[in-house]
Amino acid sequence: MTPIDTDTIRVLIGDDHRIVREGLKQVLADAPDVTVVAEAPSGPEVLAQVAAWMAPGAAGLSLVLLDIALPGIDGLDVLQTLKRDHPRLPVLMLSTYPEKQYAVRCIRLGASGYLNKSADPDDMLAAVRKVAQGGVYLTEATAEALATAVGQARTHVGPEALSHREHQVYRLLTQGHTVSEIGAQLGLAPNTVSTYRARILEKTGAKNGVELALYAERHARNATPGQTTT
């Protein structure tokens, strides 16, 4: 690793799409105080790169730009591991998912901000700078989602009520996967998945898989207009 100015914001990009990584690097290249020092296309590689850059004697990182949908290890699981192993390292989450679906979950897991990949380049740079300085970057949509979550704290009715693992199971259930398939994908015993399924049905008020699918469809329609929900 070559020496880098200590005043430079050193960024690691974790995204499985090369074209996205190149686009982000191009946006950040316009800022003289920001340098992309590393990139990784999968969850395990993000963790390996962070470990190398944050090792004693290494240059260190200012923040990680992290996609939610990563192969190998889910982006939210990567976020949890990073906040456990490097609690002071800021993580700015990037996604095509609307704020109403994932922003609150990411903030609760320790992210310093949540930004849609379609964000304006100026907003991207503003987010990177604020997060690197130890701040929290909230878009208007994210702030609204957080306010709604606080207001629903005692009567959660949306997917944001689910724990991280419950939401993983919920997402796979609503995609039509069986309990056995979900167990294999998440490394859980079928009985454990069934337990999560029961909790999900209780929290969402759905009585069966059909009602859960309708519930998911209803909340997807209520997501931010113009943004994908898959």
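View 1. Thr204 is buried, with a relative accessible area of 13%; buried means under 20% relative accessible area, with exposed being over 50% and partly exposed in between, using a 1.4 Å probe and protein chains only. This is a predicted model, where local features need pLDDT of at least 70, side-chain atom pairs count only at pLDDT 80 or more, and totals for chains, interfaces and linings use all residues. Residues are numbered from 1 along each chain as its sequence is written, and side-chain values use heavy atoms, leaving out hydrogens and water. Thr204 belongs to helix α9, residues 190-204. Helices here are DSSP runs (H or I, at least four residues), as are strands (E, at least two), numbered from the N terminus.

**View 2. What does the side chain of Thr204 meet?** A polar atom of that side chain lies 3.4 Å from the backbone oxygen of Leu201, and the backbone nitrogen of Ala206 also lies 3.4 Å from a polar atom of the Thr204 side chain. Setting aside residues up to four places away in sequence, Thr204 touches Leu212 and Tyr215; a contact is heavy atoms within 4.5 Å.

**View 3. Helix α3 is largely enclosed by the rest of the structure.** Eight of the 11 residues of α3 (residues 75-85) are buried, among them Gly75, Leu76, Asp77 and Val78. The cover over the buried residues of α3 includes α2 (43-53), β3 (63-67), β4 (91-95), α4 (99-108) and α7 (164-174). Look at the start of α3, too: a side-chain oxygen of Asp74 comes to within 2.9 Å of the backbone nitrogen of Leu76.

**View 4. Five strands make an open, parallel sheet.** The strand order is β2-β1-β3-β4-β5. At the edges are β2 (34-40) and β5 (113-116), each pairing on one side only. Two strands pair if DSSP finds at least two bridges between them. Zoom in on β1 (residues 9-14), and you'll find six bridges joining it to β2, the two running parallel. Gly14 stands opposite Ala40 in β2.

How values were computed. A polar contact is a pair of N or O atoms within 3.5 Å; within protein, one must be able to donate a hydrogen and the other to accept it, and residues adjacent in sequence count only if both atoms are side-chain atoms.
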